[in-house]
Amino acid sequence: MALKTINPTTTKAWHKLNAHFKTIEHKHLKELFAEHTNRAHEMSISWDDFFVDYSKHRISKETLDLLIELANEVDLKDAMSKYFGGEVINQTEGREVLHTALRNPENAEVLVEGNNVMSEIFEVKHKIKDFANDIINGNIKGHTNKPFTDIVNIGIGGSDLGPAMVVDALSFYKNHLKTHFVSNVDGDHVNEVIKHLNPETTLFVIVSKTFTTQETLSNANTIRQWFLNHAPKDAVSKHFVAVSTNIEKVKAFGIDEHNIFPMWNWVGGRFSLWSAVGLSISLAVGFENFDTLLLGAHKMDTHFKTEDFDKNIPVITALLSVWYNNFFNAESEAVIPYSQYLNQFATYLQQGIMESNGKSVDRNGDAVDYQTGTIIWGEPGTNSQHAFFQLIHQGTKLIPAEFIGFSKSLHGNQDHQDKLMSNFFAQTEALMNGKSKEAVLEELNAQDLSEEKRNELAPFKVFKGNKPTTTILVDKLTPESLGKLIAMYEHKIFVQGIVWNIFSYDQFGVELGKQLANSILKELQDDNVINNHDGSTKNLIKHYKSLR
Ligand code: F6P
């Protein structure tokens, strides 16, 4: 059964939210705290090792009730049961959206066209486990009988960002294998990686759901060529494995059938790290840790499926985002992890969030007349405090931010951890409260300045505050908590797509550029090919050809 097609702006809740917005739009968070003393307690969710505080948002109890009414009116519950139940909710591509099945226990039942896919999933998981163990333990060796030392993941988009982010995030749990990621078709990327590699001890994992992606195939071909300059042809089977749905194309590339780790069309690229696309994760941190990552995600799936909306982390974070995006007209959202391990987290989320919800046609096929997908960006704190926080604090734009922090550090340096977390708490407090002119003047009074100078400086030092933040405080960064965190964002994306009445699981928007690049490539490589271009593009191509 198809997803319902309810235009959110026609719902009763939306109209009520519009009217309610006018009453709250200019209210300061400080007032909201004064009016509602139990706010911090009531607007927080304690679940497992997660503590989510959303009290520093420009909402009242009424806002929350109306946002939940909106979720009910667009029938989020019905959509959730279609999502988890394997209905074809990726209607434009005719596919189920079942990455959640990948982290189910073996005894679950998930039907795709009448077949329970759990046995196939576990068959592949066992293959990943055996292979990863054998590579890590040195039971499988390279063509000169040396154990592997390096792994290179060759893929792009969802076939790169997920594994790359997770391997980086779980560096603390890493084994002796060095892991590298080659994604960009920029030849300098692949050459920079291979210049450090020993072909005798390197394993290449080619990851491409379609096995037709230009970047991945170009990099794979270049690497194979480089490899063959150092090794005999029959050594390829010992050093190259692939993850794909396109078994025929993988075989045509020259990879042995037993070196193929299958995946399925019902797993979208940007949600695929839980499948064999996560092979590099298993190799880098061991299968047990990979499986624990999946367990964490499964726990978040269960929380999302079963918890009431007012205590449901993905639902609340998604609705808050709708509130700012559609009522306050906020353009972007920041995600600020206070952990250097999550250095690639925002980059990873950019694909998940913007490829999914960057749509302007609704599920009826009509142009939307309201805002959809948010722009997402971020960097770890405290580095980001010294980079772009100025704009969040004192700029003209409203940028709701999600702060993610961990109570315990992994290496156990308490002094550093306390310093890190003091910044984590200080920033959300400062963003909320700001600094009044009176406070600024009081501070300036203590300095040896003339009154004129004090008054001149004061306006520049005032912070209006009233900047909304969510604080996600997790006990510790572990494979399990990371799995929960990633799944939380996956479900947030889903909820927003349902509310906005768009299809979140296709990505036709990346096709046009690809098509044009293919035709321009022919022009770059053959002077006899001349395509029609606008004046600007024609000039740029001419200039490039004259200089290369
Ligand atoms: O960027 C578009 C996209 O289709 C992504 O959704 C996908 O993750 C990526 O390209 C890579 O595709 P493939 O795994 O088929 O090489």
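How does the radius of gyration of the chain, with its 548 residues, stand against that of a compact globule?

**View 1. The whole chain.** This is a predicted model, in which local features need pLDDT of at least 70 and side-chain atom pairs count only at pLDDT 80 or more, whereas totals for chains, interfaces and linings use all residues. Residues are numbered from 1 along each chain as its sequence is written. A compact globule of 548 residues would have a radius of gyration near 24 Å, and the chain has 26 Å, which agrees; the radius is taken over C-alpha atoms, and the globule rule is 2.2 Å times the number of residues to the power 0.38. The secondary structure comes to 22 helices and 13 strands, which are DSSP runs numbered from the N terminus (helices: H or I, at least four residues; strands: E, at least two).

**View 2. The largest nonpolar core.** A nonpolar core is a set of buried Ala, Val, Leu, Ile, Met, Phe, Trp, Tyr and Cys residues joined through C-beta atoms within 7 Å. Of the 133 residues in the largest one, I154, V166, V205, V243 and L319 touch the most other members. Helix 20 (residues 479-500) gives the largest share of this core, 12 residues. Because domain 1 (8-73 + 307-433 + 467-506) and domain 2 (113-290) both give residues to this core, it lies between them; the domain bounds come from an automatic or database domain assignment.

**View 3. The surroundings of V205.** Leaving aside residues up to four places away in sequence, V205 touches I151, V152, N153, I154, V241, V243, L279 and S280, where contact requires C-beta atoms, placed from the backbone, within 7 Å.

**View 4. The ligand shell.** The ligand is surrounded by 14 residues, of which G157, G158, S208, T213 and G269 are the closest; a residue counts as near if its C-beta atom, placed from the backbone, lies within 6 Å of the molecule. By class, this shell has 2 nonpolar, 9 polar and 3 charged residues.

View 5. The peptide bond from G381 to T382 is cis, with omega near 10°, and T382 is placed in the loop between strand 11 (375-377) and helix 16 (389-394). D48, in the loop between strand 1 (44-47) and strand 2 (50-53), has a positive phi of about 50° although it is not a glycine. D75, in the loop between helix 4 (61-73) and helix 5 (76-84), has a positive phi near 55°. With 15 C-beta neighbours inside 10 Å, D75 counts as partly exposed (buried means 20 or more other C-beta atoms within 10 Å, exposed 12 or fewer, partly exposed in between).

Notes. Contact = placed C-beta atoms within 7 Å. Nonpolar A, V, L, I, M, F, W, Y, C, P; charged D, E, K, R; others polar.
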